Amino acid sequence: MPRTLDKYDYVILDIVFAFKRNNNNQLIKLAQLELAFWSRIEHDDAKDMQSAQLGERIATLYLQGYLSNKGGAGYSITKKGREEIACSTI
């Protein structure tokens, strides 16, 4: 059974969506995604508790169909991911 998405999952989806929208549909590289994620949650207590677990979250979002990885070239948000963002607030 898939786990419920939490605020950190939505942060990841929002970063990938915004990157694609602002960069002419380019794919976001893992290093760029990591930098944007940690910058976004910089003042959040999770960075100290390791509850953010970025790599595991990205893998789970990929496996659940929210993100796609185009041949190792970078990440893109899927239709399912866009729909999830549209239905939520961060």
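My entries follow, one topic at a time.

**Ground rules.** I am working with a predicted model, where local features need pLDDT of at least 70, side-chain atom pairs count only at pLDDT 80 or more, and totals for chains, interfaces and linings use all residues. Residues are numbered from 1 along each chain as its sequence is written, and side-chain values use heavy atoms, with hydrogens and water left out.

**Salt bridges.** I looked for a side-chain nitrogen of Lys or Arg within 4 Å of a carboxyl oxygen of Asp or Glu, and that rule gave me three salt bridges. Arg57 pairs with Asp6, with the closest N and O atoms 2.8 Å apart. That pair links distant parts of the chain: Arg57 is in helix H4 and Asp6 in the segment before H1, 51 residues apart. For elements I took DSSP runs numbered from the N terminus: helices are H or I with at least four residues, strands are E with at least two.

Arg57 also bridges to Asp9, at 3.0 Å between the closest N and O atoms. Here H4 is tied to helix H1, across 48 residues. I noted Asp6, Asp9 and Arg57 as a network of salt bridges.

Which of these are buried? For accessibility I used a 1.4 Å probe and protein chains only: buried is under 20% relative accessible area, exposed is over 50%, and partly exposed is in between. Arg57 is buried at 7% and Asp9 is buried at 0%, whereas Asp6 is partly exposed at 29%.

The other bridge I wrote down is Asp14 to Arg40, with the closest N and O atoms 2.8 Å apart. It connects H1 to helix H2, 26 residues apart. Arg40 is partly exposed, at 42%.

**Rings.** I paired rings of Phe, Tyr and Trp (its six-membered ring) if their centres lie within 6.5 Å; planes under 30 degrees apart are stacked, over 60 edge-to-face, and the rest tilted. I got two aromatic pairs. Tyr8 and Phe37 are edge-to-face, at 6.3 Å centre to centre and 65 degrees between the planes. Tyr8 belongs to H1 (residues 7-22) and Phe37 to H2 (residues 30-40), 29 residues apart. Phe37 and Trp38 have centres 5.1 Å apart and planes at 80 degrees, so I logged that pair as edge-to-face too. Tyr8, Phe37 and Trp38 make one aromatic cluster. Tyr8 and Phe37 are both buried, while Trp38 is partly exposed at 36%.

I also checked for charges over rings (NZ of Lys or CZ of Arg within 6 Å of the ring centre and within 35 degrees of the ring normal). Lys80 sits over the face of Tyr66, 4.6 Å from the ring centre.

**Core.** A nonpolar core here is a set of buried Ala, Val, Leu, Ile, Met, Phe, Trp, Tyr and Cys residues joined through side-chain atoms within 4.5 Å. The largest has 21 residues, of which Ile12, Leu13, Leu33, Phe37 and Leu67 touch the most other members. H1, H2, H4 (54-63) and strand S2 (75-77) each give two or more residues, and H1 has the largest share, with eight.

Asn24 is exposed at 72%, and Asn25 is exposed at 55%.
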